[in-house]
Every structure is written in structure tokens, then in C-alpha cells.
Amino acid sequence: MWTKLANPSVFLRWSGAALPWLVALTLGLLAVGLYKSLLLAPADYQQGETVRIMFIHVPAAWLALFFYSTMAASAIGTLVWRHPLADVSQKAAAPIGAAFTLACLVTGALWGKPMWGTYWVWDARLTSVLVLFLMYCGVLALWRTIEDPSRAARAVSILTLVGFVNVPIVKFSVDWWNTLHQPASVFRLDGPTIHPSMLHPLLVMAVAFTLLAVTLHLQRMRTEILRRRVRTLTILEAERLDRRAAA
Amino acid sequence: MLGPHGAFILASYAAMALIVGGLIVASILDHRAQLRALADLEGRGVRRRGGDEA
């Protein structure tokens with residue numbers, strides 16, 4: 001079944017049907033999430049109103065790691081099975097992951113200034129997220145360097161898998177080193193340490209942003225399939241013109 | 001309403017809207033450009049030899 005769904009033409013059909021539903025669901029959840037985050041959630045006893053930045057910063061951080069992991073899984077699909085949709089998935093995921101990593105860095109800095117007294121410190125969590133952003137930039141640059149999409153996909157796959165070593169470093173940096181950044185407060189073995197009045201808006205925003213990112217990923221995958229068809233047709237047209245000129 | 005650090009909160013939400021909005025707009029424009037290019041080529045009679053490769 002997966003092989004059939006992953007056929008590019010079949011993918012274009014089912015993703016085209018799913019997109020309007022995903023867009024509607026994303027907009028609905030974002031509206032609920034923003035209402036809960038900005039109006040319903042109480043101010044934190046220590047952070048005050050600044051806690052509202054967390055409702056967008058934390059989902060951005062999750063998605064930064066999620067999309068790098070998606071790229072790594074797709075990279076395995078490219079290198080092991082050489083599936084064209086794996087190449088397409090990798091390429092479509094890179095700008096989305098880069099955007100959310102940038103959003104994570106910017107919102108983190110804007111939270112850090114009033115809370116820590118500085119926009120930036122070179123602690124393990126912040127530095128490893130910056131390295132993640134640079135990895136995304138490297139991946140995006142490499143895609144643009146090699147013209148043939150299949151060759152580019154193989155080169156990018158290797159770079160992505162090498163860079164994947166940074167993902168657990170980002171996640172566990174707050175446990176392995178002494179950092180100014182607070183430790184994990186949602187995904188913990190002993191359960192979340194956040195009060196439900198703040199946890200619920202955070203979870204709604206996390207699901208809403210994840211849906212938004214998945215919708216964008218599907219949309220960009222569709223665009224990438226079209227781009228490859230355009231490339232194939234352009235080459236075919238050039239060959240036809242060459243033959244005509246030679247005759 | 002947003003306390004003494006309201007500017008930081010608003011700037012965070014604005015930055016997020018700008019980054020995500022930019023990504024959405026870029027994605028839509030890119031998709032439209034590919035659709036136009038494909039329609040252009042097909043309009044000139046260029047067809048694939050067959051197959052569903054991406």
C-alpha cells in the first residue's frame with residue numbers, strides 16, 4: 001500500500017484531496033491556540049506575561065528537530081531504496097525546518113532579553129540550535145549547488161545523516177551540560193512539570209504548528225514533483241530541437 | 001495588558017508571523033510558477049515518453 005501511495009502521480013492525487021482539509025484544520029486549531037495562548041492562559045508566577053512567548057517558541061523548537069529527523073529518515077529512503085519521493089521529501093522539508101529553527105532562535109532571544117537580561121549566551125542548548133540552523137543552511141546550499149536532482153539528493157543525504165548527530169545533542173544538551181536554558185518540562189519520564197492551565201495552550205499550539213508544517217511539507221513536495229516534470233520536459237524539448245537542427 | 005515586556009511578546013509573535021507567512025507565500029508562488037511552466041511546455045506539445053517518475 002505504501003509503495004502505491006508513494007508513487008508520485010498517486011501522491012499528487014491523494015495529497016491534493018487532503019490539502020484543503022489540512023488547511024481548514026490548521027486554521028481552526030491555530031485560532032483556538034492563539035486564543036488560549038494570548039487571552040486564556042494565566043501569567044506565570046515568575047515569568048509574568050512573557051510566558052506567552054513559550055507558546056510559539058516551544059512548537060518552533062520541536063519542529064526544528066522534527067523536520068531534521070524527517071530529512072534524515074528521507075535520506076535513508078534515498079540512499080537505501082533510491083525512492084524518488086524520498087528525494088522530494090528531503091528537499092521539501094529543508095526550508096520548513098530552517099524557518100522553524102530561525103523562529104526558535106528569534107523568539108528565544110526575545111524571551112531571553114527580559115528573563116535572562118541578554119539576547120544570547122553561548123550555552124550548549126543555544127549553540128547546538130545555532131549549529132542546527134547552520135546545518136539547514138548547508139543542506140539548502142548543497143541542493144542549489146548540484147543541478148541533477150538525483151545526484152544532489154545523494155550528496156545531501158550524506159550531509160544530512162552526518163549532521164543528524166547534532167539532533168540528540170540539541171535534545172539532551174540541557175541534561176549533559178550546565179546550561180542557562182531550563183531543562184525539559186514537557187517530555188519527561190516523570191510527566192510534564194507545567195501547570196495544566198499553561199500546558200493545554202502549549203499542546204494546542206504544538207499540534208496546530210505541526211499540522212501547518214505538515215501541510216506545507218505536502219504542498220512543497222507537490223511543487224517539487226512538478227519542478228522535476230518541468231525539468232524532464234525542458235530536457236526533452238531541448239533534445240527535440242537539437243534533432244530538428246541536426247536534420 | 002501584556003505587562004512591562006509587552007514589546008518583546010508582540011515582537012516574538014510578529015517575527016513568527018513574518019517567518020511562517022514568508023514561507024507560505026514563497027511556497028504558493030513557487031507552486032504557481034511550476035504550474036505555469038508545465039502548462040507552457042505542454043502547450044508547446046512537449047510530452048513525457050511515459051512513466052510516473054518524479
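**Figure 1. In this predicted model, the crossing of α3(A) and α4(A) is left-handed.** Here we zoom in on two helices of chain A. Helix α3 covers residues 54-81 of chain A, and its axis sits 7 Å from the axis of α4(A). The two pack at an angle of about 160 degrees. Angles over 145 degrees count as roughly antiparallel, so α3(A) is roughly antiparallel to α4(A). What kinds of residues make up the contact of α3(A) with α4(A)? Sorted by class, there are 18 nonpolar residues, 11 polar ones and 1 charged one.

**Figure 2. Arg82(A) sits in the loop between α3 and α4 of chain A.** Arg82(A) isn't a glycine, yet its phi is positive, at about 50 degrees. Is Arg82(A) buried or exposed? Count its C-beta neighbours inside 10 Å and you get 12, so Arg82(A) goes down as exposed. The cut-off for that label is 12 or fewer.

**Figure 3. Helix α3 of chain A also packs with α8(A), with a right-handed crossing.** The angle between α3(A) and α8(A) is about 45 degrees, and their axes are 9 Å apart. Which residues of α3(A) meet α8(A)? They are Met54(A), Phe55(A), Ile56(A), Val58(A), Pro59(A), Trp62(A), Leu63(A) and Phe67(A). On the α8(A) side, look for Pro201(A), Leu202(A), Met205(A), Ala206(A), Phe209(A), Thr210(A) and Ala213(A). By class, this contact has 14 nonpolar residues, 1 polar residue and no charged ones.

**Figure 4. Helices α2 and α8 of chain A pack with their axes 7 Å apart.** Now α8(A) gets another neighbour. Helix α2 runs over residues 8-40 of chain A, while helix α8 runs over residues 196-246 of chain A. They pack at an angle of about 155 degrees, so α2(A) and α8(A) are roughly antiparallel to each other. As α2(A) passes α8(A), the crossing is left-handed. The contact of α2(A) with α8(A) is made up of 21 nonpolar, 7 polar and 2 charged residues.

**Figure 5. Met198(A) is a residue of helix α8 in chain A.** Is Met198(A) buried or exposed? There are 22 C-beta neighbours inside 10 Å, so Met198(A) counts as buried. Setting aside neighbours within four places in sequence, Met198(A) is in contact with Ala41(A) and Val51(A). For a sense of scale, find Leu216(A) as well, 18 residues from Met198(A) along the chain. The C-alpha atoms of Met198(A) and Leu216(A) are separated by 27 Å.

**Figure 6. Chain A and chain B touch through 39 residues from chain A and 29 residues from chain B.** Which parts of chain A take part? The elements giving two or more residues to the side that touches chain B are α2, α4 (84-116) and α8 of chain A. Of these, α8(A) gives the most, with 16 residues. By class, the chain A side has 21 nonpolar, 9 polar and 9 charged residues. Of the 54 residues in chain B, 20% are buried. As for confidence, the mean pLDDT of chain B is 88, with 89% of its residues reaching 70 or more.

**Figure 7. Chain A contains 8 helices and 0 strands.** Along the sequence, the pattern of chain A reads α-α-α-α-α-α-α-α. Its C-alpha atoms fill a box of roughly 80 × 40 × 30 Å, taken along the principal axes. How much of chain A is buried? Buried residues account for 39% of its 247 residues. Take the contacts in chain A between residues at least 6 apart in sequence: 76% of them join residues at least 24 apart. The model has an ipTM of 0.90 and a pTM of 0.92.

Conventions
Residues numbered from 1 in each chain as written. Chains lettered and ligands numbered in written order. Predicted model: local features only at pLDDT ≥ 70, side-chain atom pairs only at ≥ 80, totals over all residues. Axes fitted to C-alpha atoms, helices over the stretch in contact; angles between N-to-C directions. Helix = DSSP H or I, 4+ residues; strand = E, 2+ residues; numbered from the N terminus. Parallel < 35°, antiparallel > 145°, perpendicular 65-115°, else oblique. Left-handed = near helix turned anticlockwise from the far one by under 90°. Nonpolar A, V, L, I, M, F, W, Y, C, P; charged D, E, K, R; others polar. Contact = placed C-beta atoms within 7 Å. pLDDT = per-residue confidence, 0-100.
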